[in-house]
Amino acid sequence: MSKIKTAVITGQHAFDVPGFHGLFRSISEIDFYLQDLENFAADAGKVREQYDALVFYNFHRVTPNEGRIRETIEQLGEDGTGILVLHHAILAFPEWQLWSDLCGIQDRSFGVQIDETVHVDIVDPQHPTTQGLNPWEMVDEIYIMADPGEDSELLLTTNHPDSMKTLAWTRQYKNARVFCCQSGHDDQVFSDPNFRTVISQGIQWLAGRI
């Protein structure tokens, strides 16, 4: 079977580049193409329609009023390509209703705490994204914010007293599967084997492979 062609879309937020590459290189089932949002929207190689999954790891703060970026984002979900909204991408475009609908959180105001030990519980062990996992602990940045609404399916939660309760969830957006994961700040979590399993199985689920 061919590898899952995956666009990994960044921008407007610094990150641990080697650690981030290491996360995606650890997933043997995918070919990933790291690019900023501007290049994804420009699609100079005319390949956007060939991606099997999209991973957003961007942190743009200003809602695009017009142009290719806005048009590209408005088309998300129409062709059924699965979408992973990872860590700070959940906080992107804070004033854009479209992005709130994509993530399933209407009030995305937030606070952060770094280097927190997070206990992770499995809500749905039968979902393809979480199969084979047991509860674990990892060190990561947490968000203090609202949880997704009732139209999302919860996968992972935490009992950390300061964190949002939900760490990972799925939902439907237009014709596409969406997987949102609150975790994913730096190599402390990028290299965690359980986190790698969640991201690997999540992308495979988004692409309809599992």
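Arg108 touches Ile90, Leu91, Ala92, Phe93, Pro94, Trp96, Trp99, Ser100 and Met145, leaving out residues up to four places away in sequence; contact here means heavy atoms within 4.5 Å. The model is predicted, so local features need pLDDT of at least 70 and side-chain atom pairs count only at pLDDT 80 or more, while totals for chains, interfaces and linings use all residues. Residues are numbered from 1 along each chain as its sequence is written, and side-chain values use heavy atoms, with hydrogens and water left out.

**Arg108**

- Arg108 sits in the loop between α4 (97-103) and β5 (111-122); helices (H or I, at least four residues) and strands (E, at least two) are DSSP runs, numbered from the N terminus.
- Arg108 is buried but has no salt bridge, and Glu95, the nearest side chain of opposite charge, is 7.8 Å away.
- Buried stands for under 20% relative accessible area, exposed for over 50%, and partly exposed for the range in between (1.4 Å probe, protein chains only).
- For charge, Lys and Arg count as positive and Asp and Glu as negative, with His and the chain ends not counted.
- A salt bridge requires a side-chain nitrogen of Lys or Arg within 4 Å of a carboxyl oxygen of Asp or Glu.
- Polar atoms of the Arg108 side chain lie 3.0 Å from the backbone oxygen of Ile90 and 2.6 Å from the backbone oxygen of Phe93.
- A polar contact is a pair of N or O atoms within 3.5 Å; within protein, one must be able to donate a hydrogen and the other to accept it, and residues adjacent in sequence count only if both atoms are side-chain atoms.

**Backbone with positive phi**

- Phe93 has a positive phi of about 45 degrees although it is not a glycine.
- Phe93 lies in the loop between β4 and α4 and counts as buried because its relative accessibility is 1%.
- Gln12, also not a glycine, has a positive phi of about 70 degrees.
- Gln12 is located in the loop between β1 and α1 and is exposed, with a relative accessible area of 58%.

**Salt bridges**

- The whole structure contains three salt bridges.
- Glu74 pairs with Arg70 in a salt bridge whose closest N and O atoms are 2.9 Å apart.
- Both Glu74 and Arg70 belong to helix α3, four residues apart, or about one turn of the helix.
- Glu74 is partly exposed at 33% relative accessibility, and Arg70 is partly exposed at 22%.
- Glu78 and Lys174 form a salt bridge through their side chains (3.6 Å, N to O).
- Glu78 is in the loop between α3 and β4 and Lys174 in the loop between β8 (166-173) and β9 (176-181), so this pair ties together parts that are 96 residues apart in sequence.
- Asp151 and Arg171 form a salt bridge through their side chains (3.1 Å, N to O).
- That pair links distant parts of the chain, with Asp151 in the loop between β6 (136-144) and β7 (153-157) and Arg171 in strand β8, 20 residues apart.
- Asp151 is exposed at 53% relative accessibility, whereas Arg171 is buried at 10%.

**Cysteines**

- A search of the whole structure finds zero disulfides, a disulfide being a pair of cysteine sulfur atoms within 2.5 Å.
- The closest cysteine sulfur to that of Cys103 is in Cys180 at 4.9 Å, too far for a bond.
- Cys181 is in no disulfide, and the nearest cysteine sulfur, that of Cys180, is 9.0 Å away.
- Cys103 is buried at 0% relative accessibility, and Cys181 is buried at 2%.

**Helix α1**

- In helix α1 (residues 17-25) the buried residues are Gly19, Phe20, His21, Leu23 and Phe24.
- These buried residues pack against β1 (4-11), β2 (30-36), β3 (53-58), β4 (82-86), α5 (187-190) and α6 (193-206).
- Asp16 caps the N-terminal end of α1, with a side-chain oxygen 2.9 Å from the backbone nitrogen of Gly19.

**Phe59 and Arg48**

- Phe59 is in the loop between β3 and α3 (68-74) and is buried at 16% relative accessibility.
- Arg48 is in the loop between α2 (37-42) and β3 and is partly exposed at 21% relative accessibility.
- A polar atom of the Arg48 side chain lies 2.9 Å from the backbone oxygen of Phe40.
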